[in-house]
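Hi,

Here is the structure I promised to pass on. Please open it alongside this email, and my notes follow below.

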Amino acid sequence: MDNHTTVNTFVLWGFSSFPDLQRLLFVLIFFSHMTIIAANVSIMVAIKLSHNLHTPMYFFLCGLSFSETCTTMVIIPRMLADLLSETKMISLPECATQMFFYFGLGGNNCFILAAMSYDRYTAIHNPLHYPILMTQKICFQQMMASFVVGILVSLCIVSIVLNLSFCDSKTIQHFFCDITPVVSLACDYTFIHEMVIFVLCAFVLVGSFILIVISYVFIVSVVVKMPSAKGRYKTFSTCSSHLTVVSIHYGVACFVYLRPKNEDSFCEDMLMALTYTMLTPLLNPIVYSLRNKEMQVALRKALGSANRFITQSINERTLNLKRGRKRTEWK
């Protein structure tokens, strides 16, 4: 260690390999970010305003939309700033903070999806006892448990990173402080560290996915026993949106965090992480709004209420301006 220089600041290399595309990427990512925020906020507002959507499934969907929006807020604003900056410097505490919230919210998203699968199983397997088994209190407890587990796992990962020594190289081959590009710069990163981080990531991804699989095994066992093909189709269609979101969410996340790593994989990981950061938060509102008539009606009502509020505000402002002019002319 005496022959190394300790590093406390890093350079987020990100898309620096494409200097001519920086401004174009900024515009594309900026408008994608605005679309993600608008879409997820619309989902949350629609659920809040529509009493028909005050059910456990939409409670979890609202929580997922909020968590996904927060995840993008942890990554994308910094990415946009770096696209217009020449330095792209980030300190170790800032890097650890970004990593903490990213993995904490990511773990939260995984276990919310698991809670949603349990909700679908309960609704299909015990429809008569569903209101008793999925009360508002139980749903809130499941949501908080998802958040606490995500935060604890993230805290463990960040603690490992902060106890590493970084020397010589300070260039992070990524657009944010993801775990693999950061720990690859450490001087004392060992196989034990690698295995602990792998187990923590596997606990979140594989553990929550196993819970989802168990729920759907029971769902399928109930559905196949239904005498009517129409009934089977109608029952299973209530899970189609959730299955679509789960497939893409876990497919991309497992590709990035559970496959073997090497230096040549950083570029692929960065592209997949960009897909995970930009696509997944936008996917939830699209899937649930396109495949759900109740959500479509609620979104129309929410947009109608927003248009009426804006129109009313403009009319009141115009009326106030006219009254002010009249008072000025009278004086």
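First, some housekeeping. This is a predicted model, in which local features need pLDDT of at least 70 and side-chain atom pairs count only at pLDDT 80 or more, while totals for chains, interfaces and linings use all residues. Residues are numbered from 1 along each chain as its sequence is written, and side-chain values use heavy atoms, with hydrogens and water left out.

The chain has 11 helices and 3 strands (DSSP runs, H or I of at least four residues for helices and E of at least two for strands, numbered from the N terminus). Read from the N terminus, the order is β-α-α-β-α-α-α-β-α-α-α-α-α-α. Of the 331 residues, 45% are buried (under 20% relative accessible area, with exposed over 50% and partly exposed in between, using a 1.4 Å probe and protein chains only). Among contacts with a separation of 6 or more, 78% join residues 24 or more positions apart (contact means heavy atoms within 4.5 Å).

The largest nonpolar core holds 93 residues, and Met99, Phe166, Phe175, Ile179 and Met295 have the most contacts inside it (such a core is a set of buried Ala, Val, Leu, Ile, Met, Phe, Trp, Tyr and Cys residues joined through side-chain atoms within 4.5 Å). Helix 3 (residues 92–125) supplies the largest share of this core, 18 residues.

The unreviewed UniProt entry lists several transmembrane regions, including 58–80 and 139–162; the positions use the numbering here, feature names are shortened, and annotations may be inferred rather than shown by experiment. In the model, residues 58–80 are 100% helix, with end C-alpha atoms 32 Å apart. Residues 139–162 are also 100% helix, and their end C-alpha atoms lie 35 Å apart.

Now to the helix pair. The axes of helix 2 and helix 5 (residues 136–162) come within 10 Å and cross at roughly 30° (axes are lines fitted to C-alpha atoms, for helices over the stretch in contact, and angles run from 0 to 180 degrees between N-to-C directions). That makes the two helices roughly parallel (under 35 degrees; over 145 is roughly antiparallel, 65 to 115 roughly perpendicular and the rest oblique). Pro56, Phe59, Phe60 and Gly63 in helix 2 meet Cys139, Phe140, Gln142 and Met143 in helix 5.

Ser67 is also in helix 2 (residues 56–83). Ser67 counts as buried because its relative accessibility is 2%. Leaving out residues up to four places away in sequence, Ser67 touches Leu105, Asn108 and Asn109.

Best wishes
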